[in-house]
Amino acid sequence: MNELRTASLRNVAVIGSRGAGKTSLTEALLFCAGAVSKLGAIAQGSTASDFEPEELHHRSSVSTSLLRFAWNQTTITLLDTPGSLSLLGEPLTALEAADAVIVVLNPDTGIRSELIRLWSRARERRLPCLLFVNEPENHSKPLDDLLAACRRDLDISPVPMTLPIHRDAVMEGVVDLLGQTVLLSKADTPKCETGAVPEMTAAQVSDGLKRLQEAVADLDDQLLERYISAGELTAGELATGIRTGVHKAELVPLYSGSALRNVGVASLLAAVKEWLPSPDERPRPVPLSDTGQLDGVGAVTSKSHNNRESFSGFIFKTLIDPFVGRLSYVRIVSGILQTDSTIFNGSRQIKEKCGHLYTLFGKKHTAVPSAATGEIIAIGKLKDAQTGDTLCEERDPVRFAWPALPRPVLSFAVEPKSGADIDKISLGLHKLIEEDPTLDFSRNADTKEMVLSGMGQLHLDLALEKLHRKYGAEVVIHTPKIPYRETIRSTAQAQGKYKKQTGGHGQYGDCWLEIVPAARGAGFSFENRIVGGVIPRNFVPAVEKGIVEAMHHGTLAGFPVVDIRVSVYDGSYHVVDSSEMSFKIAASMAFKKAMESAHPILLEPVMSVEIDAPADHIGAVIGDLNARRGRIQHVEARGHAERLKALVPLSELMTYTTALNALTGGGGSYVMELARYEEVPREITLKILEERKAARQTVAAS
């Protein structure tokens, strides 16, 4: 029974660019299957998958929704994903749980960088795919341009399975090429009216069927021989060839329709059952070995699923609600999981008690007693499990690899509106990061700021909206301070002498220091060159401690000092009045004096930036980077796009997300990481010093 249940499952991620119509298509599929009684609309906030307050406010998906429903003896789970580049982590994790994808294309939105990235990951996993061209109400670009973009940007040649039928420039139905029938649909009923193919389109249909047969025959030598000898393939041969080609990710069927008007959706729903694989027809993830490497040579293995095996699965999404609690979305890889059972977290090597198991339909949760291989369910109240963790049985531990997710590229400094919000901010943001690993929150030790980082402006705006709604924290945001550093150009010596007499024991410390520039990135080193006991050995650690503390605030602009070698080579002491504190203060005085005469300079963080942009916009991107003091290192062609690597100062990248979108028409994306620190040009140094001076005067005046 369980094996039959697995064979009837379909787990399908719906992906596409923002505005392509993914949620509308998901809603239409639910309507056609009878899972909802009325076709919901995004504008009215009545769709099953968009239910979070942020989604209703922005009228756009902001997280992956799961919708499980039964249709025609098949259990289908759709994963409706957001399309914004800022929210790329959501669809990427959804792809890990899915066995196939529906790519939604729109002639007006075209193919953008976020879809190209998602498609690259889908190809890596060899996920079978159906394409749905969602015709908008008033489209201005022909379908041929979109198909050419598929060949150019996605490296695929979709094979049409349906042809649109228009009346007065409005799509009212499609021709099913396999069935040679017309399917007419209406938005107020899930049923389709069937009819004969009109004579005016007969030639077009015949040509479409011929191209379909040729595409299928090209995938198999035996079918090709049959096609050449007989001139056509039988309906059974064609169906088998399509299914095999789709399962091998060698054939991409193309369906046309209008999600808003429920046109052509019934054909796509039938294709989900007929052409897409069940979990037992897909390879399962390969476990990591004890050494942390993949067992075998690939990312997957073709070993068949078996519910009698030990339970294993992985968490691909975490949801934390202040009222509902924690829900862990789990894809079951093998075996059966019972509610309220004790499971083992193979990633963290701990045991956990799982709560109730739920199937999901948007915001509706239905408790189930168990779940089997291939199912996607939610587990309640797992205390320590995080997204990406593997769950299994302790007697048969296993751990699955988890892909690297995009790194944050945009940061804001956040400050509480009131003292009461400080704890709320820290708690809330850490909970949000558990839900969304592409967010990052840290306290900058140099600037003393709380910094929230994300994939883009929308990503951070949504995080702050959730922070306020879920945890009641209100914040003020601003551009983070740049963590500059100070160092020196030349060698210098200076004396620090601290002498204080206050009755009784006084304070006396005297030391001579030499400071020398070190290689960039070398940090700090200390050398004791005292001879003859002019400073007792027990006071030397205090000298070093005084230097280290003085390095926290440089003499040029108050930034931390780095890349410097310091030696103590002379000094004096008093038998009674000398102490660790006096030598610590003397060392600090000597260090500051030496810094002033060693030609101090400012250093700035320089980032290694990797940018993907359409080839026809790469010239504008390079010109803009040059204006930002960037240094181009490498440009590499990647199909009809370009990947550019450059070194750019962080101060020039604080608002780069907006600039890159403007330069590339929304088609560019980038990642960055710290490469090294470099000297700030003199004219910029003077500007920074003036700003620091003005800031100090403002603080003093207040």
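**Close-up views of a predicted model**

View 1. Arginine 692 is partly exposed, at a relative accessible area of 28% (buried means under 20%, exposed over 50%, partly exposed in between; 1.4 Å probe, protein chains only). The model is predicted: local features need pLDDT of at least 70 and side-chain atom pairs pLDDT 80 or more, whereas totals for chains, interfaces and linings use all residues. Residues are numbered from 1 along each chain as its sequence is written, and side-chain values use heavy atoms, with hydrogens and water left out. Arginine 692 belongs to helix 17, residues 682-701 (a DSSP run of H or I, at least four residues, numbered from the N terminus). Beyond neighbours within four places in sequence, arginine 692 is in contact with Ala557, Gly558 and Phe559 (heavy atoms within 4.5 Å). A polar atom of the arginine 692 side chain lies 2.8 Å from the backbone oxygen of alanine 557.

View 2. The model has 0 disulfides, a disulfide being a pair of cysteine sulfur atoms within 2.5 Å. For cysteine 129, which is in no disulfide, the nearest cysteine sulfur is that of cysteine 150, 9.1 Å away. Cysteine 129 is buried, with a relative accessible area of 2%. The sulfur of cysteine 192 is too far for a bond, because the closest cysteine sulfur, in cysteine 32, is 5.9 Å from it. Cysteine 192 is partly exposed, with a relative accessible area of 28%.

Methods:
Helices (H or I, at least four residues) and strands (E, at least two) are DSSP runs, numbered from the N terminus. A polar contact is a pair of N or O atoms within 3.5 Å; within protein, one must be able to donate a hydrogen and the other to accept it, and residues adjacent in sequence count only if both atoms are side-chain atoms.
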